[in-house]
Amino acid sequence: MTVLTALAIVVFVTAWIFSSRSRRRGLPSPPGPKGLPLIGNLLDFPATFQWLTFEKWHKQYGDIVYLNLAGQSLVILGSPEATSAFFEKKSGVYSDRPRFVMINELVGWEEFAIGSYRYGNAWRELRRVFHQQYHSGVIPPYHPVFRRHAHRLLHNLLTEPKELEQHLLHTASAVILDTMYGIDVVDRDDPYVTIAEKAMEVIVEAINPGAFLVDSFPALKYVPSWFPGAEFQRKALRWKAFMKDMLNKPFEAVKDDMQQGRAVSSIAATMLQEISQDDEEHSEYIIKAVGGASYAAGSDTTSATTQVFALAMAMHPQVQARAQAELDAVVGPDRLPDFDDRPNLPYVNAILKELTRWLPVVPLAVPHAALSDDEVRGYFIPKGTIVLGNSWSILRDPVRYPEPDQFKPERFLTKDESLATDVPDPSIAAFGYGRRICPGRHFSDSSIYLLVACMLATFNISPPIGEDGAPIKITAEMSAGAVLRPARVDYIVKPRSDAAIDLINKTVAFQ
Ligand code: HEM
């Protein structure tokens, strides 16, 4: 047994005793799998694809499931009624975040990442600024950026059709860097992209549940970096440098451009113009925080969703053909789809909804935490309980969405082909809950719409061909991680016609 493991055991025995004391008021805990003495459900907790196990537990125990992870209470919510009872009706209690020791306290991300801020005034201030930059009314001015990158994606697919997945990753990063800082990255290995992607890898690895013992046993954070077994401390130091680059380098570039009078329009440039001189340091911190969090929260989620689109089209050629027929009828062959077309494209809109329902890329949202002891539906929820909205189960509920495993955009349409109002929109869960709901959802909805409509109008995406000359059967296989994304597939991406090639070539994307 290493010294660290021994230390961890001491810490969790203390936590267990402490948590037992807090069970009170004679109210029961919500139902859940029976745990073992001391460690509770630690051994039941799945290492990967947790939402699949949670879905089984919901079937067995109901829509509120309770786990005890060696003294840490965890509640999993598996229905819109349950998420509403916690995150909306009791939003004052359930808008906090748990401690993310590795990423926040050791890597130092907590100063900047609104997503992991504890609930309070600092979060409120940053959330207000986020809202100002990303609410639905301010999205249209970003349309030229979305358009430029959608058109560029088509050019890139013409020249490198085998690199679809890489292009989708790059496009998502490029859209954020462009809107946030006015930095127009054309090359996939542009240093700004590399900086941001390195930081992204850090975040994904650091918040992967169970990746670091120190998240379960925070006292370990005081173990010095030279201590045997304390590799996590050395990693945290290396990662700190990546995060600093991501927060500072693009920001300094915009500031420098402004001083030289050559800054282009961007969120950072606008915010810098409005900066108050008597509070310069704090204002600069806010801009960096908005930039860092936009990249961290918006880039991977957006690219994963467009990758789900590619997978869905390759698996369902009839859906792709029907969407293309709609685009041909509404937009015609002489131009690319644009934002004005959207209200006339119900089937494309239904595909967008079905993408977020079928494979929600953040299947458990981001954990919330209880700020105080509470009671919901007659159950006792102790202060500090981690509360997860199980978006996966909610969006695969067979009552609201019959045959939930099937990719069926038409579930969102009425008989006369308009968008149905009686089928719950996947945004009831796909973008999280209550006061912490994703503030970038209108931004991503608009940018993903144009990427999807432009790809559908000009390309066919199909599965790879096997040695026997037949298409290889692909399935909805996903890779586990903080953001869920489809496993790699070598899609065949072909322009739909010579007219589509001409149209792309005529479209100016590189200016
Ligand atoms: C398809 C794309 C996206 C998906 C599926 C998505 C999903 C989510 C989810 C599930 C949460 C957690 C909400 C909760 O705690 O209940 C979240 C939070 C957040 N998202 Fe998004 N997101 C997307 C795009 C974006 C974009 C483009 C941005 C910014 C430009 C963004 C910024 C944020 C921020 C800052 C938070 C933290 C909010 C807080 O803690 O108050 N997201 N997102």
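The shell around the ligand divides into 16 nonpolar, 9 polar and 3 charged residues. Here Ala, Val, Leu, Ile, Met, Phe, Trp, Tyr, Cys and Pro count as nonpolar, Asp, Glu, Lys and Arg as charged, and the others, Gly among them, as polar. The model is predicted: local features need pLDDT of at least 70 and side-chain atom pairs pLDDT 80 or more, while totals for chains, interfaces and linings use all residues. Residues are numbered from 1 along each chain as its sequence is written, and side-chain values use heavy atoms, with hydrogens and water left out.

## The ligand shell

The ligand is surrounded by 28 residues. A residue belongs here if one of its heavy atoms lies within 4 Å of the molecule. Arg97, Trp123, Arg127, His368 and Cys438 are the closest. Three helices, H5 (121-134), H12 and H16 (441-458), each supply at least two shell residues. H12 gives the largest share, 5 residues. Helices are DSSP runs of H or I with at least four residues, strands are E runs of at least two, and both are numbered from the N terminus.

| Residue | Distance from its polar side-chain atom to a ligand oxygen atom |
|---|---|
| Tryptophan 123 | 2.9 Å |
| Arginine 127 | 2.8 Å |
| Arginine 436 | 3.0 Å |

## The sheet

Which order do the strands of the open sheet take? The order is E1-E2-E6-E3, 4 strands with mixed pairing. E1 and E3 are the edge strands; each has a single partner, so one side of each lacks a neighbour in the sheet. Two strands pair if DSSP finds at least two bridges between them.

E1 (residues 64-69) runs antiparallel to E2, with 6 bridges. Within this pair, isoleucine 64 faces leucine 77 of E2. The hairpin of E1 and E2 has 2 residues between the strands, and its alanine 70 takes a positive phi near 50 degrees.

E2 also pairs with E6 (residues 386-389), this time in the parallel sense over 4 bridges. Valine 75 stands opposite valine 387 in E6. Leucine 74 has isoleucine 386 of E6 as its bridge partner.

E2 (residues 72-77) is mostly covered, with 5 of its 6 residues buried. Buried means under 20% relative accessible area, exposed over 50%, and partly exposed in between (1.4 Å probe, protein chains only).

## Cavities

Rolling a probe the size of a water molecule over the atoms shows where empty space is left. The structure has 4 cavities of 30 Å³ or more. On a 1 Å grid over the protein atoms alone, a cavity is a set of points where a 1.4 Å probe fits but cannot get out; lining residues have an atom within 4 Å of a point. Points are joined across faces, edges and corners, and a volume is the space filled by probe spheres set on them.

The largest cavity holds about 60 Å³. Its lining includes Leu177, Tyr181, Met246 and Tyr295. Helices H7 (164-181), H8 (191-206), H10 (231-259) and H12 (280-315) each supply at least two lining residues. By class, the lining has 8 nonpolar, 2 polar and no charged residues.

The second largest cavity holds about 40 Å³. Among its lining residues are Lys162, Glu163, Arg488 and Asp490. Its lining has 4 nonpolar, no polar and 5 charged residues.

## Loop residues

Most residues other than glycine have a negative phi. Phenylalanine 49 has a positive phi near 45 degrees. This residue sits in the loop between H1 (3-22) and H2 (50-61). Phenylalanine 49 is partly exposed because its relative accessible area is 29%.

Glutamate 417 has a positive phi of about 70 degrees. Its loop lies between H15 (391-395) and H16. At a relative accessible area of 42%, glutamate 417 is partly exposed too.

Where is serine 372? Serine 372 lies in the loop between E3 (368-369) and E4 (374-376). Its relative accessibility is 31%, so serine 372 counts as partly exposed. Serine 372 and aspartate 96 are 276 residues apart in sequence, yet 9.9 Å apart in space, C-alpha to C-alpha.

How values were computed:
On a 1 Å grid over the protein atoms alone, a cavity is a set of points where a 1.4 Å probe fits but cannot get out, and a pocket is an open set with protein on both sides within 12 Å along at least five of seven lines; lining residues have an atom within 4 Å of a point. A polar contact is a pair of N or O atoms within 3.5 Å; within protein, one must be able to donate a hydrogen and the other to accept it, and residues adjacent in sequence count only if both atoms are side-chain atoms.
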